[in-house]
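Here are some notes for a colleague who has not looked at this structure before. Please read them with the sequence and the model side by side.

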Amino acid sequence: MNEEDLPRPKWKRWLLNRFVLVPAVLVSVTVGWNLFVVTHDHGIVGGRVLDSTGAPVEGAEVKLWVFNFATFVVKASTTTGADGSFEFRNNPSHNIQVSAEKPGKGRSARVPIRLYFAAEDFVLKEPLRLTDGS
Amino acid sequence: MGKYPRWPIHLALIAACFVMLVPFYWVLKTSVSGENIFSYPPSVIPRDPNPFYYVDVWYAIPFARFFFNSVVVSAITITANVVLNAMAGYALTQTFRGKRVVLMLFLSCMMIPFQTTIIPAYLITGKLGLLDSYLGLALPMFSTIICIFVFKASFDAVPRSLIDAAKIDGLSEWKIIWMVMIPLAKSAMATNVILSFIWSWNNFMWPLIATRSADMQTLPLGLARFLSYQEDSTGALYAFCIMVLAPGILLFLLAQKEFVQGLTSGAAKG
């Protein structure tokens, strides 16, 4: 008798069918995603600010803009360190913008940032560049 | 081997599939690209696809809560529909005085739109103390006449001799329904499950009236609330549509085999 001709055990028939496997996969993905979210939702947004020559800008004011129904409003601001880096630790949103400004050095464009979930930790890949400082 | 070539039928079926599936594809494409539906020339492949419209929907309204509410209400509706419609359908296969009147009453009730019965439904639900509850949201859809007739038609196809044999074996009417008739009526049951799920899932009017707290709202109400928040976002609107449609499509794909299963396969197991 061929192995394929043997009847499948009862537990296999109960567990290995699409009505169990599909929900099980969906639950697993949901649990995995939520674990990832819980470990990466500290609200940290970081980056650097450079001037038009590429040098780090110390003391530039960086603003965090948060989407609020119809428009972006300033949620927080911070100042860059000696190496031009900045960090926010209280971003509550998933749809934000950051901008930098320093008198005499100029200002950067507002950079939109879309996050996969609210308060996702994020570091800007491209630094904010100050222009038009004259 | 058939006498005629089959490719014309396949060609017609492919054309029909195309017509049916293009709107779904368009909704899906717009939900990941946010392109304006009036843009010209239209792009078939989404430009710069991203999942952020789905994220917007998730945070614009309490989506998880609304989803949970819809699932609970649909589960109650499906259970009640299968149980009550099967019993009613079986009763209508029996011979009793006034059967024609009952059938006529059922058929005439099908012509009354739900909107005209909203006030009595609201008053009855209120008297029962079920307003703003899951049971109250599902109550008016506990039984649907169309689904009763689906069961009746399915039960009518069962040979009378089988029911007589079950009675001779000592089965009660209750056991005949659940042990003889239901296994023979899997297609009717699948139809009941899918139809009651779709009607419950998409119901807007009754939840709008029967819910008082925002926590008890279902997904169609969430869509209305979402539109009032973000009426300018095409991508997010389409993403919301996909998120509402997905469970229904998934349920249909999971149960389509049972949906199309004939009575013969059920009879072999019964």
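This is a predicted model: local features need pLDDT of at least 70, side-chain atom pairs count only at pLDDT 80 or more; totals for chains, interfaces and linings use all residues.

1. Chain B has 14 helices and zero strands. Read along the sequence, its pattern is therefore a run of α elements, α-α-α-α-α-α-α-α-α-α-α-α-α-α. Along the principal axes, the C-alpha atoms of chain B fill a box of roughly 70 × 65 × 30 Å.

2. Of the 270 residues in chain B, 27% are buried. Among contacts in chain B with a separation of 6 or more, 80% join residues 24 or more positions apart.

3. The largest nonpolar core has 21 residues, and Phe151(B), Phe155(B), Met181(B), Ile182(B) and Ala185(B) touch the most other members. At least two residues of this core come from each of helix 3 (63-93), helix 7 (145-156), helix 9 (173-184) and helix 10 (186-202) of chain B. Helix 7 of chain B gives the most, with six residues. In soluble globular proteins, nonpolar side chains tend to be buried together.

4. Which residues does Ile182(B) touch, leaving out those up to four places away in sequence? They are Ala86(B), Ile177(B) and Met189(B).

5. Helix 7 and helix 10 of chain B pack with their axes 9 Å apart, at an angle of about 170°. Angles over 145 degrees count as roughly antiparallel, and these two helices are therefore roughly antiparallel to each other.

6. On the helix 7 side of this pair, Cys147(B), Val150(B), Phe151(B) and Ser154(B) take part; on the helix 10 side, they meet Ser187(B), Ala188(B), Thr191(B), Asn192(B), Leu195(B) and Ser196(B). The residues of this contact divide into five nonpolar, five polar and no charged. Phe151(B) also belongs to the largest nonpolar core.

7. Chain A is divided into domain 1 (6-39) and domain 2 (45-129). The C-alpha centres of these two domains of chain A lie 42 Å apart.

Definitions and conventions. Residues are numbered from 1 along each chain as its sequence is written. Chains are lettered from A and ligands numbered from 1 in the order in which they are written. A nonpolar core is a set of buried Ala, Val, Leu, Ile, Met, Phe, Trp, Tyr and Cys residues joined through C-beta atoms within 7 Å. A residue is buried if 20 or more other C-beta atoms lie within 10 Å of its own, exposed if 12 or fewer, and partly exposed in between; C-beta atoms are placed from the backbone. Helices (H or I, at least four residues) and strands (E, at least two) are DSSP runs, numbered from the N terminus. Two residues are in contact if their C-beta atoms, placed from the backbone, lie within 7 Å. Domain bounds come from an automatic or database domain assignment. Axes are lines fitted to C-alpha atoms, for helices over the stretch in contact, and angles run from 0 to 180 degrees between N-to-C directions. Angles under 35 degrees count as roughly parallel, over 145 as roughly antiparallel, 65 to 115 as roughly perpendicular and the rest as oblique. Ala, Val, Leu, Ile, Met, Phe, Trp, Tyr, Cys and Pro count as nonpolar, Asp, Glu, Lys and Arg as charged, and the others, Gly among them, as polar.
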